[in-house]
Amino acid sequence: MARSLSTFQVQLRRFAGNRLAMLSGAVLALIALGCFVGPLAFPFTGEDADFDFISAPVDFGSPHLFGTDDYGRDLLVRVLEGGRVSLTIGFLGAVTAGLIGVLYGAVAGYAGGLTDRLMMRAVEVLYGFPYVILVILLSLLFGGGNVALFAAIVFTLWLTPAVIVRAQAQSLSRREFVEAARAGGMRAGSIVWLHIVPNCAAVVIVYGSLLVPEVILSESFLSFLGIGIKEPQASWGNLIETGTAAMGTDLRLLLLPGTLLALVLFCLNFIADGLRDAFDPNER
Amino acid sequence: MLRFIGRRLWEGALTLAALVTLTFFVMRLAPGGPFSRDRKISPEILDHIKAAFHLDEPMWAQFGRYVWGLLHLDFGPSLRFRDYSVGELIAAGLPYSLTIGFWAIVIAALVGIGLGLAGALRRNSGVDYLAGTVGVVGIAVPIFVIGPLAQVVFALKLGWVPVGGSDQGWRSLVLPVVVLSLPNIAYISRLTRGSMIEVLRENYVRTARAKGIGARRTLMVHALKGALLPVVAYLGPATAGVITGSILIETIFAVPGIGRHFVDAALNRDYPLVMGITLLYGGLLIVFNILTDLVRGGLDPRLRGHG
């Protein structure tokens, strides 16, 4: 007799059966491993200048596999270190923005009435803002640097999860088990935390996975414009910017960070698609 | 209908007011000032310059002065480009930004809908795979990677179009417009394909066929109308995407539009210029969202009267 499976297990199995998503997951894990562990294998960091190798070309025989930039800094190590920043901000940012959005949406949806109307009106007003403008202004307000960038991105990206969770919470708050909890004297805060939030998990996983590429894109976008992460610290955005300036003579500086960024975004999008198909089959 | 537009305009005005207030105070509270990047000037002269732009007044007074100016359609002077007013700078840059944005949206809509329809009607054919590939690439590869690559291939290697700038008429527009339209082609073709496949299964399409309306007419009149609804709904957010994109595109292709002005102004703390462009972008976004809702109402009777 087949063992009975919970919905969550069924969904996980469906996801595991999605070959493209699993492959993307593997590639992403490999890139992440490379970014976090890879630089340790080199005797220099991405900020060390090697004056014997200025603008060295690709040469697998030399200590600088993919060559150096015009300060003599190793390109491969810089790209890997940039990836560390991008991936960290991407995942932490998505989790934070998701968490804020979920709590905000769950409270608004469960509370209903005037609280809900006021909270959602605030979200609508923020939605009417041009998003990039807001990110740029906020990262200036927080004074530049990694933390400022992170805060600015999170501040602008929690809106969508809030709206989605609020709709879910609204319908959940009318269900019998929530009513039962209320009748049993459970406090509103506990109901939101123990009944509403866990029941939004599927939606949150699906949309949360879409947040990760969005955060990474925002980060590299800002760094490309010179507002986000600044030299000498490396990030994919500012590496691509440097590569763009040198593209007429040396395409390598643009191609390596550009390819890696595109690859990561591909993987994240495929994983998000896979999660959506597995958790939300009606969507498609 | 009029009441709907009136209400949306009122809400839009509220959003703009919030945007102006937030932008104003965020800009002023951000560290650094408009003149801190200049070469060293003596404190007295700096005080005089600040007084000339009323930057020495308390913040609320400056805010009041700015809002009063706005009500008279005066966006104030630019702090960096000392001889120009913000209005003049925007008027000079806007035509470039609008031209690129307009054509990018038009091309994205035409190509995106075309690819999406072809994909939906000939599923798993070559066209469908092409559309799928464009969809994935356009969404995953950011335009600041595609843009420079396109410059290398089409401008530096092949020499078909200029690398950037704006001095060669339509030829200098080709790359910026095409690159800017790519992500939107991707989204629109995905949306069109998905919704067309869904609509073709609907009962009303079957009814139309059963009534003896030709396949072509069923498709073009009955199915298409339903299939385009999500696409039209996307055009509002797409405008926001084009605004984002234009900032990048103008940086990459050295177009003298307002997007690049905005980034420079924000970095240089040119307060009035930042405010002016923010207001303009915010206003455009609101107008486009209202237009989108109106067109959706026109296409789908179920949406009318609720709004």
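Predicted model: local features only at pLDDT ≥ 70, side-chain atom pairs only at ≥ 80, totals over all residues.
A residue is taken as buried here if 20 or more other C-beta atoms lie within 10 Å of its own. Chain A is built from 12 helices and 0 strands, so its run of elements from the N terminus on is simply α-α-α-α-α-α-α-α-α-α-α-α. Looking at contacts in chain A between residues at least 6 apart in sequence, 68% join residues at least 24 apart.

Helix α10 of chain A covers residues 201-225. Its 25 residues reach 36 Å from the first C-alpha to the last, close to the 36 Å expected at 1.5 Å a residue. Of those 25 residues, 19 are buried, so α10(A) is largely enclosed by the rest of the structure. Just past the end of α10(A) sits A:Gly226, with a positive phi of about 90°.

Elsewhere in chain A, helix α3 (residues 75-111) meets helix α7 (residues 159-172), their axes coming within 7 Å and crossing at roughly 35°. The crossing of α3(A) and α7(A) is right-handed. On the α3(A) side the contact includes A:Gly98, A:Gly101, A:Gly105 and A:Gly109, along with A:Ala97 and A:Ala106. The α7(A) side brings in, among others, A:Leu159, A:Pro161, A:Val163, A:Ile164 and A:Arg166. Sorted by class, the residues of this contact come out as 14 nonpolar, 7 polar and 1 charged.

A:Glu124 belongs to helix α4 of chain A, which spans residues 113-127. With 13 other C-beta atoms within 10 Å, A:Glu124 is partly exposed. From A:Glu124 to A:Val178 the separation is 54 residues in sequence and 28 Å in space, C-alpha to C-alpha.

What about the nonpolar core? The largest one has 150 residues. The residues with the most contacts inside this core come from chain A (A:Ala106, A:Val135 and A:Ile196) and from chain B (B:Val179, B:Ile188, B:Ile249 and B:Val274). A:Ala106 also turns up in the contact of α3(A) with α7(A). Leaving aside residues up to four places away in sequence, B:Val179 touches B:Ile143, B:Ile146, B:Gly147, B:Ala150 and B:Ile249.

As for how the two chains meet, 35 residues of chain B are in contact with 31 residues of chain A. On the chain B side, α1 (2-29), α5 (126-140), α6 (143-157), α10, α11 and α12 each supply at least two residues. The largest share comes from α1(B), with 8 residues. By class, the side of chain B that touches chain A has 28 nonpolar and 7 polar residues, and no charged ones.

Two loop residues of chain B have backbone angles worth a look. B:Ala254, in the loop between α10 (229-252) and α11 (258-268) of chain B, has a positive phi of about 50° although it is not a glycine. B:Ala254 is partly exposed, with 14 other C-beta atoms within 10 Å. B:Arg269 lies in the loop between α11 and α12 (271-299) of chain B, and its phi, near 60°, is again a positive value in a residue other than glycine. B:Arg269 has 21 other C-beta atoms within 10 Å and is therefore buried.

How values were computed. Residues numbered from 1 in each chain as written. Chains lettered and ligands numbered in written order. Helix = DSSP H or I, 4+ residues; strand = E, 2+ residues; numbered from the N terminus. Buried ≥ 20, exposed ≤ 12 C-beta atoms within 10 Å, placed from the backbone. Contact = placed C-beta atoms within 7 Å. Nonpolar A, V, L, I, M, F, W, Y, C, P; charged D, E, K, R; others polar. Expected span 1.5 Å × (residues − 1). Core = buried A, V, L, I, M, F, W, Y, C linked by C-beta atoms within 7 Å. Axes fitted to C-alpha atoms, helices over the stretch in contact; angles between N-to-C directions. Left-handed = near helix turned anticlockwise from the far one by under 90°.
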